[in-house]
Amino acid sequence: MSRQQPQKPFTRTWPARSSKKPQRREAVSPRWIASQIATARKDPGGFIICYRALYLLPTTITLCALLAIPFGGCKTSDGQSTGNGSSTTTTTDATTTVTSPTSTTVTTTATASATPHPIYVMFSAHGHNYGFTTVDPNPAQWNLAKRNKYLERKTEVEWLRDGSDGYGIKVSFQLNGEYCRDSRVLMADDNGDDTQHIRDLLTAGHSVGTHFHPYAYTGVDEFWEHYDNDQVTPAIMEDIWRTQIEEVELALGAPFRRIDPAGPRSTQELEDKYAQLMAEFAFDVAPAGEVFTYTEWEHKPWTPFRQQFPSPLLEDPSGPWVGVTSIGQVGLIIPEGKHALTLGVDQIKRRFMMVYAQWMYQRITGGPETVLNFGMMTHPDQNLQYRSEVAELMRFFGDEVSTWVGPNGEPVIQFATDEHVVDAYYDWETEHPGTSSFSFDYDAHDAGNLQPYPYDLAGVSTGLVDAEFADVIQDGSVDGVRIFSFQYREVFRQPNPFGDPPSTITGVGDLQELVYLIVSDGPADVDLSATFPASVFVKAGDTGDVSSTDASAIQVDTIPVLVSPSQAHF
């Protein structure tokens with residue numbers, strides 16, 4: 001079917017490229033470039049295609065000073081992305097000259113940051129296509145059905161925007177092409193369209209990228225066709241990417257940096273096409289790390305890293321994009337699809353406390369600094385049923401955790417978008433040349449060649465599996481000893497008959513015994529005899545070794561420990 005052409009162009013404003021972002025362009029033929037420019041000249045909305053073609057020109061062309069500019073916001077002096085395409089002085093480890101689109105020369109001089117990175121806390125919103133399988137033959141009913149789906153999702157997008165504003169939370173919105181096209185075309189009338197609420201997200205400091213499943217715009221009756229995984233070919237994958245990406249950009253009125261495509265990559269052809277499209281569209285932020293949840297530690301990577309594609313967890317220091325992670329739908333107790341984690345509110349809080357223990361250990365011991373991030377996710381098409389859970393997590397991080405401080409009084413967390421996290425990673429990468437951020441040979445591990453835990457506190461991670469966060473018992477303000485209570489939850493697992501590891505969790509049961517996490521700035525004796533019986537079990541946070549001791553005289557040091565009256569979960 002022939003496609004309707006995009007109906008409203010935008011003027012692309014290119015921000016200055018950070019010197020830390022890799023400069024990579026794929027070589028393309030002059031004939032291909034000419035064809036794209038010709039298409040754009042015929043199509044008022046085709047400026048996207050034209051600019052994409054120009055972006056792929058070799059760097060030796062006269063326009064290279066203009067074209068060496070990334071997708072997405074540049075950074076302000078505090079390392080935050082403007083997200084609106086404006087040009088801002090950046091900070092690097094060396095003096096660098098960047099030519100802006102207006103030919104203004106900007107000289108940037110930077111020094112290594114003296115302030116340790118906080119834990120970057122992210123809230124993400126994944127927008128899904130509506131899921132229509134056919135077009136209703138009644139035009140009025142079809143139009144109404146589409147509008148209702150659009151308005152339901154818009155309500156949740158605005159709810160997330162408004163709810164986050166009160167806490168200073170910055171949401172990473174990954175919207176899809178159907179929603180964005182409907183804001184621009186379906187909802188348009190004589191007074192204009194409905195794209196302003198999308199553009200306002202950038203103004204408010206949020207980020208906008210795209211997430212989509214295998215749906216492509218057909219060009220007929222505003223219908224998006226779904227493809228089963230076994231139907232997707234490299235050509236169909238390209239069609240899906242182009243229609244989704246271009247419609248988001250047209251509604252946003254700007255390019256973006258983050259893509260999160262959900263679709264099959266089960267053949268070498270599809271893997272190659274994915275890598276080609278990532279290079280062509282020059283995205284530098286992408287999802288990574290899902291399969292780490294299938295290990296015995298059951299969490300996603302806490303560290304951004306350059307993925308050695310197509311290996312899921314191996315690092316490539318020269319890779320063109322940086323992987324960031326967010327755990328699945330907030331409030332979803334029984335995992336669905338490829339996800340493998342129980343995600344009740346208190347389970348999500350426990351997962352954050354595992355990152356917190358790692359961060360505190362680095363601060364206390366002066367260990368190698370890394371950029372740690374903790375991401376949570378909801379979906380505009382599911383958020384209504386999980387509003388109370390999302391609101392509680394916003395309150396927990398916005399009212400409570402935001403007040404926590406480290407051993408030197410530094411803030412524990414900072415709210416960030418996915419783009420902010422990657423920009424922080426670029427800073428860290430420049431300040432720590434040759435240092436690995438994260439790398440794990442999952443294929444070897446899965447085959448039985450067990451790999452070491454890629455963080456410092458394997459004992460904490462394995463010891464808290466299936467636990468739920470309960471309370472802050474002691475905040476460390478008096479003696480530097482921080483104590484947090486948890487309670488184990490019974491979780492039912494069984495082998496998946498289809499052999500898919502994510503589906504092993506089948507249900508949850510009752511709460512079980514208590515377990516405490518103790519994080520201390522230095523050597524201390526901790527008395528928990530008021531809570532626990534005379535003898536308790538202590539699990540070392542690093543090695544996982546278990547010993548028993550008197551509950552009134554638990555010796556702790558700079559390595560966090562877990563304490564429980566039973567070793568059933570240790």
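1. Welcome to this structure: the protein has 13 helices and 21 strands. Please keep in mind that the model is predicted. Of its 570 residues, 55% count as buried. The protein exposes about 23000 Å², and carbon and sulfur atoms supply 51% of that area.

2. A word on how the chain comes together. Among contacts with a separation of 6 or more, 71% are between residues 24 or more positions apart.

3. As background, nonpolar side chains tend to be buried together in soluble globular proteins.

4. With neighbours within four places in sequence left aside, Phe 123 is in contact with Ile 169, Lys 170, Val 171, Ser 172, Met 376, Leu 393, Met 394, Phe 397 and Phe 415. Phe 123 also belongs to an aromatic cluster with Phe 352, Tyr 356, Phe 374, Phe 396, Phe 397, Trp 404, Phe 469, Phe 484 and Phe 486. One member of this cluster, Phe 396, has Lys 349 over its face, at 4.6 Å from the ring centre.

5. The structure holds 35 aromatic pairs. One of them joins Phe 292 and Phe 440 edge-to-face, with 5.2 Å centre to centre and 85° between the planes. Phe 292 sits in the loop between strand 9 (285-287) and strand 10 (305-306), and Phe 440 in the loop between helix 11 (418-431) and helix 12 (442-446), so the pair ties together parts that are 148 residues apart in sequence. Phe 292 counts as buried because its relative accessibility is 0%; Phe 440, at 2%, counts as buried too.

6. Finally, have a look at Arg 265, in the loop between strand 8 (259-261) and helix 8 (268-281). Beyond its neighbours within four places in sequence, Arg 265 is in contact with Met 237, Leu 270, Glu 271, Tyr 274 and Phe 309. Its side chain is joined to that of Glu 271 by a polar contact of 3.3 Å, and Arg 265 lies over the face of Tyr 274, at 4.0 Å from the ring centre. Arg 265 and Asn 229 are 36 residues apart in sequence, with 8.8 Å from C-alpha to C-alpha.

Technical notes: Residues numbered from 1 in each chain as written. Predicted model: local features only at pLDDT ≥ 70, side-chain atom pairs only at ≥ 80, totals over all residues. Heavy atoms only, no water. Contact = heavy atoms within 4.5 Å. Helix = DSSP H or I, 4+ residues; strand = E, 2+ residues; numbered from the N terminus. Buried < 20%, exposed > 50% of the residue type's maximum accessible area, 1.4 Å probe, protein only. Areas by Shrake-Rupley, 256 points an atom, 1.4 Å probe, with all protein chains shown as cover. Polar contact = N/O pair within 3.5 Å; in protein donor to acceptor, adjacent residues only side chain to side chain. Phe/Tyr/Trp six-rings, centres within 6.5 Å; stacked < 30°, edge-to-face > 60°. Lys NZ or Arg CZ within 6 Å of the ring centre and 35° of its normal.
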